[in-house]
Amino acid sequence: MRAPYQMNLPLRTTEDSDPAVAAPLKKARENLGFVPNMYAGMANLPALLETYMTGYERFRAEAGFSPQEQEVIFLTISRGNGCDYCMAAHSVIADSMSGVPTEVTDALRDGERLPDERLEALRRFTEVMRDTRGRPDTADVNAFLEAGYEEKHILGVILALAVKTLSNYSNHLFGPEVDAAFQSRIWRP
């Protein structure tokens, strides 16, 4: 969902004369095979794009969640923030790379209860953390821990919230076109 105000900054490219802009975009192209439109907008402030990319990579590698759980978290945050770009992108990633069953991805997209109880506990806790701005009550934490997660996982949810806030808010302001790679899972709030 776009913000009422839309950025007038250009989408940047790997050919940019500023190496601080071009370098992270080249890295993205090497890793992904293309430069997502989201990255091209964020590159107007290289620190923003680099912070996003580093946080995203570290979350994927170190937060202790399976690829399926990672997508549950990312889709839950992005849906709550109304980010159509990230909903499309993470739906495709969930379907094609992370092994999330289609019925789980579809339930996340529709804001419905998940059929897997552990993933549902993760979805609910992620919503609580997002909606309370990191102030869960004891019952919420206990339900999360009783589902088999550890306190360390709470920190992983915080990292994902930070990363998705960077991308979701940037996308609201830039309104990037959803890349061709993600077009099959367009989402509207």
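A residue is called buried when its relative accessible area is under 20%, exposed when it is over 50%, and partly exposed in between (1.4 Å probe, protein chains only). The structure is a predicted model, in which local features need pLDDT of at least 70, side-chain atom pairs count only at pLDDT 80 or more, and totals for chains, interfaces and linings use all residues. Residues are numbered from 1 along each chain as its sequence is written, and side-chain values use heavy atoms, with hydrogens and water left out.

Salt bridges were considered next. A salt bridge is a side-chain nitrogen of Lys or Arg within 4 Å of a carboxyl oxygen of Asp or Glu. By this rule the count is 14 salt bridges. Glu 120 forms one with Arg 113, and the closest N and O atoms are 3.6 Å apart. Glu 120 counts as buried because its relative accessibility is 1%. Salt bridges with shared partners join Arg 113, Glu 117, Glu 120, Arg 123, Arg 124 and Glu 127 into one network.

Helices (H or I, at least four residues) and strands (E, at least two) are DSSP runs, numbered from the N terminus. The side chains of Glu 57 and Lys 27 meet in a salt bridge of 3.4 Å, N to O. Glu 57 lies in helix H3 (residues 46-62) and Lys 27 in helix H1, so this pair ties together parts that are 30 residues apart in sequence. Glu 57 is partly exposed, at a relative accessible area of 33%, and Lys 27 also counts as partly exposed, at 35%. Asp 95 and Arg 185 form a salt bridge through their side chains at 2.7 Å, N to O. This pair links distant parts of the chain, 90 residues apart, with Asp 95 in helix H5 (residues 84-96) and Arg 185 in the segment after helix H9 (151-174). Asp 95 is partly exposed, with a relative accessible area of 31%, whereas Arg 185 is buried, with 14%.

Helix packing was described for two pairs. Two packed helices are described by the angle between their axes and the distance between the axes. Axes are lines fitted to C-alpha atoms, for helices over the stretch in contact, and angles run from 0 to 180 degrees between N-to-C directions. Angles under 35 degrees count as roughly parallel, over 145 as roughly antiparallel, 65 to 115 as roughly perpendicular and the rest as oblique. H5 packs against helix H6 (residues 102-110) at about 165°, with the axes 9 Å apart. H5 is therefore roughly antiparallel to H6. Helix H4 (residues 67-80) and helix H7 (residues 117-131) pack at an angle of about 40°, with their axes 9 Å apart, and are therefore oblique to each other.

Val 141 is found in helix H8 (residues 138-146) and is buried, with a relative accessible area of 15%. Val 141 and Ile 154 are 13 residues apart in sequence, and their C-alpha atoms are 8.5 Å apart in space.

Tyr 5 lies in the segment before helix H1 (19-32) and counts as exposed, at 51% relative accessibility.
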